[in-house]
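Visitor: Hi! Could you walk me through this one while I look at it?
Guide: Happy to, ask away.

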Amino acid sequence: RETIRWLWIVFAVVLTLTVIAELFVAHEAHFDVQRVFGFNAWFGLLACAGLITFAKLLGVLLKRPDTYYEGGDD
């Protein structure tokens, strides 16, 4: 349990440092929305949340009963 807490702290620090690093790195924006500070972090978060939501909905759509593969011995 302590290891998981430590990992969350390390991940939060690394993600914070990468967003702060954006202040010091010049990059070329192809679209106006990419000029927003922290765009890549927000885009990644929203894309991940969207993929998780899509996977959950797909799981509901494709779900089969527990007895799906049990053969009916007639």
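Visitor: Which residues form the nonpolar patch on the surface?
Guide: The patch is made up of I9, V13, L17, I20, L23, F24, V25 and F37. Please keep in mind that this is a predicted model.
Visitor: And how much accessible area do they have together?
Guide: Together they have about 840 Å² of accessible area.
Visitor: Where is I9 found?
Guide: I9 sits in helix α1. A12 lies in helix α1 too.
Visitor: Why does A12 count as partly exposed?
Guide: Its relative accessible area is 40%. Buried means under 20% and exposed means over 50%, so A12 falls in between.
Visitor: How far apart are A12 and L51?
Guide: In sequence, A12 and L51 are 39 residues apart, while their C-alpha atoms are 21 Å apart in space.

Visitor: Let's switch topic. What secondary structure does the chain have?
Guide: The chain has two helices and zero strands. Its radius of gyration is 21 Å, well over the 11 Å that the globule rule gives for 74 residues, so the chain is more spread out than a compact globule.
Visitor: What does the C-alpha trace span along its principal axes?
Guide: The trace spans about 70 × 40 × 10 Å.
Visitor: How many of the residues count as buried?
Guide: Of the 74 residues, 5% count as buried. The accessible surface of the chain comes to about 7,400 Å², and 69% of that belongs to carbon and sulfur atoms.

Visitor: Okay, now E22. Where is its place?
Guide: E22 is in the loop between α1, which covers 2-21, and α2, which covers 39-62.
Visitor: Is E22 buried or exposed?
Guide: E22 is buried, yet it has no salt bridge.
Visitor: Which side chain of opposite charge is nearest to E22?
Guide: That is R35, and it is 11 Å away.
Visitor: What is E22 in contact with, leaving aside its neighbours within four places in sequence?
Guide: E22 is in contact with H27, V36, F37, G38 and F39. You've met F37 already, as one of the residues in the nonpolar patch.

Visitor: Back to R35. Which side chain does it meet in a salt bridge?
Guide: R35 meets D32, at 2.5 Å from N to O.
Visitor: How many salt bridges does the structure hold?
Guide: The structure holds one.
Visitor: Are R35 and D32 buried or exposed?
Guide: Both R35 and D32 are exposed.

Visitor: Last topic: helix α2. Where is F54?
Guide: F54 is in helix α2, and L61 is also placed in helix α2.
Visitor: Why does F54 count as exposed?
Guide: The relative accessible area of F54 is 53%, and exposed means over 50%, so F54 counts as exposed.
Visitor: What about L61, buried or exposed?
Guide: L61 is exposed, with a relative accessible area of 62%.
Visitor: What separates L61 from A41?
Guide: L61 and A41 are 20 residues apart along the chain, and their C-alpha atoms are separated by 30 Å. For F54 and E28, 26 residues apart along the chain, the C-alpha atoms are separated by 31 Å.
Visitor: Great, thanks!

Key. Residues are numbered from 1 along each chain as its sequence is written. This is a predicted model: local features need pLDDT of at least 70, side-chain atom pairs count only at pLDDT 80 or more; totals for chains, interfaces and linings use all residues. Side-chain values use heavy atoms; hydrogens and water are left out. Helices (H or I, at least four residues) and strands (E, at least two) are DSSP runs, numbered from the N terminus. Buried means under 20% relative accessible area, exposed over 50%, partly exposed in between (1.4 Å probe, protein chains only). Lys and Arg count as positive and Asp and Glu as negative; His and the chain ends are not counted. A salt bridge is a side-chain nitrogen of Lys or Arg within 4 Å of a carboxyl oxygen of Asp or Glu. Contact means heavy atoms within 4.5 Å. Patches are made of residues with over 30% relative accessible area and no salt bridge: like charges are joined within 9 Å, nonpolar side chains (Val, Leu, Ile, Met, Phe, Trp, Tyr) within 5 Å. Accessible areas come from the Shrake-Rupley method with a 1.4 Å probe; for residues, only the protein chains shown count as cover. The radius of gyration is taken over C-alpha atoms; the globule rule is 2.2 Å times the number of residues to the power 0.38.
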